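User: Could you walk me through reading strand pairing and salt bridges in a model like this one?

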Amino acid sequence: MSDTDFTQKLHDLMQRVGISSFKALSRTAGVSERQILRLRRFGVGQMRVDVLLKLSQALKLSLNELVATFSQVELVIDKDTPTQELLHYVDQLKKEYERSQQQIQQQRQVLQQEFQQSSLQLLESLLLQFPTAAHKARENPQLPAVNIVPLVHKPLEKLLQHWGVEAIAPVGAEIPYNPQLHQLLEGESQVGEIVKVRYTGYRQGDKLLYRAKVSPVSAQV
């Protein structure tokens, strides 16, 4: 079938659902304009089934209707049987695609569970020891808090290292002010002026997660 025949058919279907251009169809269906051009030139013969599913949804057609409309098999004189065979084949591809999507979802769940388990292993000492230490602290208000801090600090530090997260600067550090990395809690500071870290900020590689919260040293008592 010629380019013009398939293009006109696609135009007619687009007009029926209010899609004004091939670019608009590309956005609506979530497929590339190259895939749409391929449909116009060759029909469904060289199209992936996931692309056909997206286009059928955008054009408000069933997958079988889309295949029948853009199938080269329609040129065959005795066309009923081969067209049915093609539709059956596409139906099988659709089922395979749906199975693949289910497998991807299952794999995502497995990865999430593995991530949670690895994180819990890194936090094991905190999960096991901190509730007991907190209970003892409530029973004995005279218990120095400094004895509890390592129970929280060490597992947290281990977890952050495992994730590649690093602190911008420790709390209490006096460092040159950098507005890209620091957030002023009070007062004003110029770039390079000394500020004191009140709350630690974090970054992961080149990505800034949280800016460190700082105060001007001159504003401290």
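User: Which residue in E4 is the bridge partner of Ile175?

Analyst: Strands are DSSP runs of at least two E residues, numbered from the N terminus, and two of them pair if DSSP finds at least two bridges between them. Here Val195 in E4 is the bridge partner of Ile175. The two strands, E2 (residues 174-176) and E4 (residues 194-199), run antiparallel over 3 bridges. Please keep in mind that this is a predicted model, where local features need pLDDT of at least 70, side-chain atom pairs count only at pLDDT 80 or more, and totals for chains, interfaces and linings use all residues. Residues are numbered from 1 along each chain as its sequence is written, and side-chain values use heavy atoms, without hydrogens and water.

User: Which residue in E7 stands opposite Tyr199?

Analyst: That is Lys213. E4 and E7 (residues 212-216) also pair in the antiparallel sense, over 4 bridges.

User: Now the charges: how many salt bridges are there?

Analyst: Side chains of opposite charge can pair when their charged atoms come close. The rule asks for a side-chain nitrogen of Lys or Arg within 4 Å of a carboxyl oxygen of Asp or Glu, and the count is 2. One joins Arg203 and Glu166, at 3.7 Å from N to O. That pair links distant parts of the chain, 37 residues apart: Arg203 lies in strand E5 (residues 202-204) and Glu166 in strand E1 (residues 165-167).

User: And Arg48 with Asp50: how far apart are the closest N and O atoms?

Analyst: They are 3.1 Å apart. Buried means under 20% relative accessible area, exposed over 50%, and partly exposed in between (1.4 Å probe, protein chains only). Asp50 is therefore buried at 17%, while Arg48, at 47%, is partly exposed.
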